[in-house]
Every structure is written in structure tokens, then in C-alpha cells.
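Please view the sequence and structure below before reading on.

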Amino acid sequence: MDIEILGQGFEPLSKNSVGNVLIEYFSNQDFHSFTAISAFTTLSGIKGISNLISESSHLKKNLVVVGVNEKVTSKEALEELLKIKNLKSYVFYGNNNSIFHPKIYLFEGIKHSILIIGSSNLTGRGLFTNVETSILISIDNTIEKDKKIIEQLKD
């Protein structure tokens, strides 16, 4: 397992923005699945990944879960999610004092997986221009201890 810090928004063009890293991994043929779990999403965030999902025929399973608390997620973003082929999408709403607040991006492959956890929502600014910090974890799926992280996430 390898871990890197992804920082963005500290300079005009953040090479290590979560958005740029996602673009890179969408084109990687080693992965068969993509999952995004985000507290909030906007139309710019969904439009940013919709073509990537549609054009990535090697990704057989695609899942997006977004929260709607705090009224940040837009109706237009939710409508755009429904238009994306080869995508299962879910909305999470918590009607108590806590809100759904994760920001997780996962690419799964046979030999390895990539997990990004941090502060970047599935919005244009959250993926590219906001000051954000995330960690990128490269997981070796042949090592049981590494695989356990993905299993814990899915549980």
C-alpha cells in the first residue's frame, strides 16, 4: 500500500487536484469499477465526470452516492446523474441532526485499486479549484491486509 497527499487550490493550476487525478484514472484500463460518494454535488461536478464514465467502456460498474442535506446538491445535478448511461446513482438524506458528509472516490481493478478520501466534494470547485486536501491510497489487491480496506469501506 502506498499513500500520497493530494493538495489543490494553492496555485492556479493544481496538478494534484482530485479532479485531475480522477481524469487520469478514468483512462486507466486496469480498473473495472468506479464509485463516488460525496456529501454534495453540483451540475459542474456531474458534467465533469459524465463523459468520463460514458467513454470508459472498461468500467463495467459505476456508482455515485450523493447527499442532499444543507441544500447544496442541485436539482440539475441530480437530473444529470439520471442521464448517465452505465451508472447507478443514489441520494442520501439524513433527517436528523447529522448530515451525510463523506468524500470518497474509488477505482477498483483486479490487481490494484485506488482510493481517494478527503475534503473534495463532487463539484467543479471541489474537484479543481477550492483549497482541498485528500489522501490517495494505492491498494495492492493481492495483499489481504490491503484488500481489507476496500471491504471495510463497502461494509
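The sections below describe the strand, its neighbours and the loop in turn.

## Burial of strand E5

The model is predicted. Strand E5 covers residues 103-109, and seven of its seven residues are buried.

In a regular strand, side chains alternate between the two faces of the sheet. On one side of E5 are Lys-103, Tyr-105, Phe-107 and Gly-109, all buried.

## Pairing partners of E5

E5 pairs with strand E2 (residues 31-38) in the antiparallel sense, over seven bridges. Within this pairing, Ser-33 stands opposite Glu-108 of E5.

E5 also pairs with strand E6 (residues 112-118), again in the antiparallel sense, over five bridges. Here Tyr-105 stands opposite Ile-116 in E6. The strands E5 and E6 form a hairpin, with two residues between them.

Most residues other than glycine have a negative phi. Glu-70 is not a glycine, yet its phi is positive, at about 65 degrees. This residue lies in the loop between strand E3 (61-67) and helix H3 (75-83). Glu-70 counts as exposed because its relative accessibility is 56%, the cut-off being over 50%.

Lys-71 is found in the loop between E3 and H3. Its phi is also positive, near 55 degrees, in a residue other than glycine. With a relative accessibility of 79%, Lys-71 counts as exposed.

Notes:
Residues numbered from 1 in each chain as written. Predicted model: local features only at pLDDT ≥ 70, side-chain atom pairs only at ≥ 80, totals over all residues. Heavy atoms only, no water. Buried < 20%, exposed > 50% of the residue type's maximum accessible area, 1.4 Å probe, protein only. Helix = DSSP H or I, 4+ residues; strand = E, 2+ residues; numbered from the N terminus. Pairing = 2+ DSSP bridges.
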